[in-house]
Amino acid sequence: MTAEQQRLTANAETEVPLEKWGPYVSERQWGTVREDYSENGDAWNYFPFSHADKRAYRWGEDGLAGISDMFQNLCFCIALWNGKDDILKERLFGLGNYQGNHGEDVKELYYYMDNIPTHYYMHYLYKYPQQKFPYEQLIEENKKRSTLDTEYEILDTGIFDNEEYFDVNIIYAKYGKNDIGIKIEIVNRAAKPATIKVLPTLWFHNRMHADANYFPPSISEIDNESVIASHSRLGNYYLYFPETQNRLYTDNVTNFTELTLQKDENIFTKDAIQKAIINGVNVKELQQRKSGTKFSPVYDFSFNAQEKKTLYLRISNEKISEPFLQGSEFIFQLRKEEADEFYRSIIPQHLSEDVKNIQRQAYAGLLWNKQYYHFDIEKWLSVNDGIASNNDARKHGRNWDWQHLKNQDVILMPDKWEYPWYAAWDLAFHCIAIARIDTGFAKHQLSLMMREWYMKPDGQLPAYEWSFSDVNPPLHAWAAMEIYHIEKQQKGEGDIYFLKKIFQKLLINFTWWINRKDPNGNNIFEGGFLGLDNIGVFNRNMPLHGEMELEQADGTSWMGMYALNMMDMALEISLYDDSFEDTATKFFEHFVLIAEALNELGMWNDEDKFYYDTLVVNGAKPLHLRIQSIVGITTMFAVSIIKKQPLKQLKDFTKRINWYENYRKENGKFWPNEERKGSDKILISLIPKERLVYLLQRVLNESEFLSVGGIRGLSKFHKEHPYTVTIEGMEFSIHYDPGDATSDFFGGNSNWRGPVWLPINYLLIQSIIRYGQFYGDSLKVEYPTGSGNELTLIEIATELTRRVISLFIKDENGRRKLTGKEYDWFYDKKENNDLILFYEYFNGDDGRGLGASHQTGWTALVAELISEIHSKL
């Protein structure tokens, strides 16, 4: 095994397969629900970016390229000053939800260059302008733009036009679990001299509000090259740094004087170092203090044109007389070599350097997006933050009925700036993406959502902090099986204990769905928006008139998929423990009933050959909402293949299924299974073969769903044919938008009306592969529709995968679709040509990246897609 694999093997034996130190600091703590103590639940305005430099956080910390221990007691980040800005660059800047024309959006250039699962080697790149950062320009220009316009980005401001910026590389290399080398390498990209101040910053999270018996930690001076950070639980840590006479101490506490205009004599506040550097305020007092809970040594660097300079530091729980005795660089070279060795064992080496780089940066982004997440709803509702007062509105406001929820874990976030909070179904995709490099952590994360401090006592999983009671598609059983098979492929055997453990909790969640989301008991399910933010003609979370019900094709399909996944899991476990066999039978029979309901209770439109949501009104004919979208395509996801040979071992299951089949066929009832003569496989599918072919004809049509970068969320058919429906005198309409949403009725920055989204493409590709494994050469479909070129379903899955991967791969001119043509000038530069952003979704016409720019959680699925077809690339 590689050195990294040896470390992972050792971690797998621990209760939580996680390193004590890692990149667990968020990139945005302000503007979150956790920090919102307002009466009206307006998190963006209650704690805006302008407060972040002077206001102590309650539930976590943020910073630039930060690391912390797993409970976020002690944190380290860097701060920068170009001599022109009004604030230090301590954290990434972006627009709040109300400031952006498509909602919140980070307005910085930063890249996750490298990382490995144990974080023994990490590399982060930040591009810092030498001219005054255009904070106001970015805010005002975006305010001027409508939802019909593109977003105004930092590359549009002109601040990077003349290469007047610094490349700031922050690299971490561990000597040991509690001993971390830090390398800050700065390159002046300008063709003229430039100066910069660099402030490596060590600080403690302020927990005084949370614990009446809290003993304050301290960072105290040892000499002009080291400090000791003492904490009652964490113990002692030492920061070693190059000698400097400018060493500043303050405390991580709120500046009430500036924030609330309340007179406060304390000058040692969170923003005191910033004021000392930029305004020259209280410099001597901060230098002479010699202790506090926030500390920065200050370095002034002057650069010649295109010069590079490097700064080395070290954090350790050991007192070391000569911390750089072996030379500053050796540990970084060693850990880089180990990282290279690890990825050579993971990434197929015959791939081009570009494709290998895509996979490695995808994994790096996943790992950098690990974040400490702390939220105790009961405490949050009962204790104020010292600024707002307790109020009755909050006590019965957002998430009031989730008071059992007491989260304090490191979690794979979708994007530590745009989405610095978990979403249960997003996490399922993240776990699949990370499984190939850290199966232990993938299993841990998936199981975490089932634990009693997350799952509600009635079995509901928390959606996300903006509304834990929202309903997400139930993908955790599917994800568990995907992870199980990835590990089985790697190691030769799967983790049955993991399947057993998660199966028990999923039973509770499945029961919640049955009891809460099937109001008529007819196996037709609801669920609201179900993660498809702007895909409906109206907000599907909107309460309807008492005589109306919305029967959802996707809600029903997700539940069919859930039942089938649970059956697959029970069958796999039954091969080792036959006490699960009758449970497999239960889920199979439930799947049959859901499939029957979907296909025979009116969701299929025979004229359009498509599945639709149905609006049911008492005394009226059910109305199909004829929107050709992902909602109808989800019906393809519930598919499984059972091999006949293992069934011989499961006699009770086989006997019951045979009886059930005979009974239903004799009585003219729907039957979802298909067998082929001479085949050793049985196909179990939510939809019949002929309807599968009809759906594929639409999916593979370039004038409908098929785009240059994969499958669109909404058919392009609706560009020329918008769909309109009138409900209770109100008119609702939907049309195809290839880019960002032009409607903000459910989240201003999400758009499923057109753009390509990797998770749906991944699900669809996996489903088509399963169909292809059963039908083989006996079923061919035109690809693209109308081309006359017929392919097997396996070949079609490969071609769809190629299209998705093409979003990231350089073309013959060295450019990537995701970058967008207007920014080619920047990414054509040699130093930027290999930098890759992993966007939330992609333009449905040209493949340009849209939404969150570091959505490395689910978009990292591209790495798994590359692994699956690597021999064909």
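Let's start with lysine 609, which counts as partly exposed at 22% relative accessibility. Do keep in mind that we're looking at a predicted model. Lysine 609 sits in the loop that runs between strand 22 (604-605) and strand 23 (610-611). What makes me point to it is the backbone: phi of lysine 609 is near 55°, a positive value in a residue other than glycine. Most residues other than glycine have a negative phi.

Now compare asparagine 399. Its phi is near 65°, also positive and also in a residue other than glycine. You'll find asparagine 399 in the loop between helix 10 (392-395) and strand 20 (406-412). Is asparagine 399 buried or exposed? Buried, because its relative accessible area is 6%, and the cut-off for buried is under 20%.

One more backbone spot, please. Most peptide bonds are trans. Going from tyrosine 783 to proline 784, though, the bond is cis, with omega near -15°. Proline 784 belongs to the loop between strand 33 (780-782) and strand 34 (790-792).

Let's zoom out to the whole chain. The protein chain has 26 helices and 36 strands, and its C-alpha trace spans about 90 × 65 × 60 Å along the principal axes. A compact globule of 873 residues would have a radius of gyration near 29 Å, and this chain, at 28 Å, agrees with that. Of those 873 residues, 64% count as buried. Take the contacts between residues at least 6 apart in sequence: 73% of them join residues at least 24 apart.

Last, the surface and the charges. The chain carries 96 positive and 125 negative charges, and their mean positions are 3 Å apart.

How values were computed: Residues numbered from 1 in each chain as written. Predicted model: local features only at pLDDT ≥ 70, side-chain atom pairs only at ≥ 80, totals over all residues. Heavy atoms only, no water. Helix = DSSP H or I, 4+ residues; strand = E, 2+ residues; numbered from the N terminus. Rg over C-alpha atoms; globule rule 2.2 N^0.38 Å. Buried < 20%, exposed > 50% of the residue type's maximum accessible area, 1.4 Å probe, protein only. Contact = heavy atoms within 4.5 Å. Lys, Arg positive; Asp, Glu negative; His and termini not counted. Charge placed at Lys NZ, Arg CZ, Asp CG, Glu CD.
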